[in-house]
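The sequence and the model come first, and the description follows.

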Amino acid sequence: MKSIQSNIKKAKKYLDKNQCIAVPTETVYGLAGNAYSDIAVKKIFKLKRRPINNPLIVHYYDVNKLKKDCHININFNKLYKKFSPGPITFVLKLKKSSKISKFVTNKQHSLAVRFPKNVLLRKLLKQLDYPLAAPSANISSRLSSVQASDVVEEFGSKIKYVLDGGKCRIGIESTIVNLLKKPEILRLGGLDISKIEKILQKKILIKNNSKKNISPGQFPLHYSPGIPLRMNAKKPYRGEAFVLVKKRKISFKNYYYLSKKNNLKQSAKNLYSLLRKIKNDGYKLIAVEKVRNKGIGRTINDRLNRASKY
Ligand code: TXA
Ligand code: MG
């Protein structure tokens, strides 16, 4: 308990000085900085090698803190009440009086906001006078980090501090819903969209990201382990690591299990760390068995599909 307090204190000290640190969330680790500070936000873009026209998600403790920066609406209220804190990100209209750094949004008038559930991060957010801008803690286009050691692998000593919250419970990024007009899904994620549809009582369109739009998945290659990946494989070819979701009678050295019982939640949780492990084990090619395209399985397939654009 005492060490938790002192770690949070340490994290706050770095953030108050406009430094970037890594923080745990229930989805993936974030590379966080003071969202009101141009200095801190510019550091995030630089460290991550992120194109400046790709806006960041801002993390809040609760809706009361959010109201200073964004206009909220009925759809937001319904979804917030049901799913926050949790793996859902809302795109809302930015208030003119907001103090959010213009670098967060690339001068756009909308803001992506999220209320993470991780207990450590919530304790930290509660103590800050500002919200945290935090993209996933990885070099742009690479695999997201789901544990402290992944962050260190990505950034080495360039990152001042990692608030270690263990392995992320969900392991895949938040679902992004645009609430500026008629709700639409901008990115599949950790929250099943059928649950969102149930609360809003309507079907929601999943936006196909056109090249013109600066929104999630604009960049064809994303979530990449840095080596070629092949989806829906029935068997591995020579030199491939084989990623499976169901237990085989006979397993070989190159067989890696996301799940042994075709459990989609477990597969999502293991996805990024397993791909990272395969690469670190020295493989140059990856084949992945077909993953059921249902619930969070759709999100897994979305990520695999982007990773396969290598
Ligand atoms: O689970 C998550 O969402 C994690 C954790 C750390 O919170 N964050 C995350 O951030 O995945 P990032 O930066 O890797 O992905 C955020 C996505 C980007 O694709 C960006 O284009 C989109 O959100 N985005 C940010 N602001 C937006 C806005 N105002 N309108 C539309 N899309 C936006
Ligand atoms: Mg990311």
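## Charges

The protein has 68 positive and 18 negative charges, and their mean positions are 2 Å apart. Lys and Arg count as positive and Asp and Glu as negative, while His and the chain ends are not counted. Each charge is placed at NZ of Lys, CZ of Arg, CG of Asp or CD of Glu.

## Basis of the model

This is a predicted model, in which local features need pLDDT of at least 70 and side-chain atom pairs count only at pLDDT 80 or more, whereas totals for chains, interfaces and linings use all residues. Residues are numbered from 1 along each chain as its sequence is written, chains are lettered from A and ligands numbered from 1 in the order in which they are written, and side-chain values use heavy atoms, with hydrogens and water left out.

## Overall form

The secondary structure consists of 10 helices and 14 strands; these are DSSP runs numbered from the N terminus, with helices (H or I) of at least four residues and strands (E) of at least two. The radius of gyration is 19 Å, close to the 19 Å given by the globule rule for 310 residues, so the protein is as compact as a globular protein of that length. That radius is taken over C-alpha atoms, and the rule is 2.2 Å times the number of residues to the power 0.38. Along the principal axes, the C-alpha atoms fill a box of roughly 60 × 45 × 40 Å.

Of the 310 residues, 56% count as buried. Buried means under 20% relative accessible area, exposed over 50%, and partly exposed in between (1.4 Å probe, protein chains only). Among contacts (heavy atoms within 4.5 Å) with a separation of 6 or more, 67% are between residues 24 or more positions apart.

Asp16 is in helix 1 (residues 2-16). Asp16 is partly exposed, at a relative accessible area of 40%. Leaving out residues up to four places away in sequence, Asp16 touches Leu128 and Tyr130. Its side chain also makes a polar contact with the side chain of Tyr130 at 2.7 Å. A polar contact is a pair of N or O atoms within 3.5 Å; within protein, one must be able to donate a hydrogen and the other to accept it, and residues adjacent in sequence count only if both atoms are side-chain atoms.

Asn18 lies in the loop between helix 1 and strand 1 (21-23). Asn18 is not a glycine, yet has a positive phi of about 65 degrees. With a relative accessible area of 18%, Asn18 is buried.

The buried residues of helix 2 (residues 38-48) are Ala40, Val41, Ile44, Phe45, Leu47 and Lys48. They pack against strand 2 (30-34), helix 5, strand 7 (132-133) and helix 7 (148-155). Just after helix 2, Arg49 takes a positive phi of about 55 degrees.

His59, in strand 3 (residues 57-59), is buried at a relative accessible area of 5%. The side chain of His59 reaches the backbone oxygen of Ile57 at 3.5 Å. Beyond neighbours within four places in sequence, His59 is in contact with residues including Arg114, Leu125 and Pro131.

## Two loops

Pro85 is in the loop between helix 4 (74-83) and strand 5 (88-94). A cis peptide bond joins Ser84 and Pro85, with omega about -5 degrees.

Gln201 is in the loop between helix 8 (193-200) and strand 10 (205-206). At 70% relative accessibility, Gln201 counts as exposed.
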